[in-house]
Amino acid sequence: MTGQETASGPKHKRDLTRRKVVAVGAGAVVAAGVGGSFAAGAFAGEETAAARGTASGASGEACYKLTSETTEGPYYIDADKLRRDVTEDQEGIPLTLRLKVIDSDTCKPLANAAVDIWHCNALGVYSGYEAMGSGGGGGGGGTPPSGAPTGAPTGSPTGSPPGGGGGGRGGHEEPTDDERYLRGTWRTDKKGEVVFRTVFPGWYQGRCVHIHTKVHVNGTWTDAGYEGGTTCHTGQLFFDEASVLATAEVAPYSTNTTTRTTLDEDTIYPGNGTEGGLLKLKYKKGAIAKGVVATLTMGVDPEATQDGTGDSVQPGASASASTAAS
C-alpha cells in the first residue's frame with residue numbers, strides 16, 4: 001500500500017487505556033442517552049432494507065451487510081476523552097456525525113456500546129502528533145526538496161524498513177504531544193445510536209478524507225468510564241468527492257496545499273459504498289460552510305474481536321481487547 005496508513009498489528013499500550021476512559025464533566029459517563037436524537041426517518045431506507053433481509057432470513061441470508069473492517073492506522077490514542085463534542089478550538093465546517101450500530105446478523109441495535117472516533121483537522125494534522133505535521137509526517141504537506149539527491153546509498157538494503165509517518169508498515173506511532181482535539185468516545189443509546197459534533201476533516205498526502213472509528217462491546221460503564229469488553233469493529237468513514245471539493249473552497253481547507261488523494265485513488269477505502277463506510281451526507285448546496293450532517297448504519301459482529309489490522313482475532317488467540325484496542 002502506498003497510503004499514509006497501512007495495515008499493522010499494534011501492540012502498544014497507553015497509560016490511559018480503553019478500559020479506563022476519562023470522563024469529561026461531572027456525570028458524563030452516566031448520561032442515559034445521547035441527546036440530539038436522530039431525525040425521523042434518518043435511517044428509514046436502511047431499516048427497510050434490513051426488514052426485507054429479516055423476511056428472507058429463512059434462506060440463511062444476513063439481514064444487513066457487515067461493515068468493512070479497515071486498518072486502525074498509526075495515530076490511535078486509547079480513550080482519553082469521553083465526550084460527544086470533540087471540536088475543541090479547531091476551525092472548520094461544522095459536522096454532525098450520526099452513527100447507528102446494529103448486529104449484522106440479527107439487525108438488533110447494540111445499546112451501551114462504546115464508539116470511538118478520531119480524525120485530522122482541516123489542514124491534515126492529528127492531535128497528539130502535531131510535531132509530525134500534516135498526516136502525522138511521512139510526506140505531510142511540506143515543501144518538497146529541490147535538486148538532485150546526493151549521497152545515494154549503494155548496495156542492497158538489509159533488515160526491515162523503518163517505521164514512522166504512517167506511510168510504511170511501522171505500526172503505531174507514539175504521540176508527540178498532549179493535544180487531544182477531534183478525538184472522543186461515547187455510548188450508543190437503546191436504539192444503537194450515537195451522535196458526535198466535530199468538524200469536516202481535511203486531507204494529507206496519500207489518503208482521502210476520512211474519519212477513524214472503533215466499536216467496543218461487552219464492557220461496563222462506571223463512574224470512571226468504560227471498562228473491560230472487546231473491540232468488535234475497527235473501520236474508517238469516508239466522504240464523497242463532491243462534498244470534499246466543496247469544502248476545498250472554504251477556509252481553512254482552501255489553505256491546505258497538500259496534494260489530495262481522491263476517494264477512488266485511496267488505498268484503504270474498500271470501494272463498496274455504505275458497506276465500506278461511505279457516509280450519507282446532507283448539506284445545503286452552495287453553502288456547505290454552514291454545516292454538514294453525516295449518517296451511517298454500521299453492521300458489526302459483536303462476537304468478533306478486531307486487532308486493528310482489518311482481520312478478526314479468533315477466540316482463544318493471544319490478542320485481547322485491552323492490547324488490540326490500545
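I count two strands as paired if DSSP finds at least two bridges between them, and strands themselves are DSSP runs (E, at least two residues) numbered from the N terminus. The model is predicted, so I noted that local features need pLDDT of at least 70 and side-chain atom pairs count only at pLDDT 80 or more, while totals for chains, interfaces and linings use all residues. Residues are numbered from 1 along each chain as its sequence is written, and side-chain values use heavy atoms, with hydrogens and water left out.

**Sheet.** I found an open sheet of four strands, ordered β3-β2-β5-β6 and paired antiparallel. β3 (183–187) and β6 (225–238) each have a single partner strand, so at these edges one side of each lacks a neighbour in the sheet.

**Pairs.** I looked up β2 (residues 114–118), which pairs with β3 in the antiparallel sense over five bridges; W118 has R183 of β3 as its bridge partner. Strand β5 (residues 210–222) pairs with β6, also antiparallel, over twelve bridges, and there H216 stands opposite T231 in β6.

**Burial.** Which residues of β3 are buried on each side? R183, T185 and R187 are buried on one side, and G184 and W186 on the other, where buried means under 20% relative accessible area with a 1.4 Å probe, protein chains only.

**Core.** A nonpolar core is a set of buried Ala, Val, Leu, Ile, Met, Phe, Trp, Tyr and Cys residues joined through side-chain atoms within 4.5 Å. The largest has 41 residues, and L97, L99, F196, F200, V215, L237 and F239 touch the most other members. Its largest share, five residues, comes from β8.

Key: Buried < 20%, exposed > 50% of the residue type's maximum accessible area, 1.4 Å probe, protein only.
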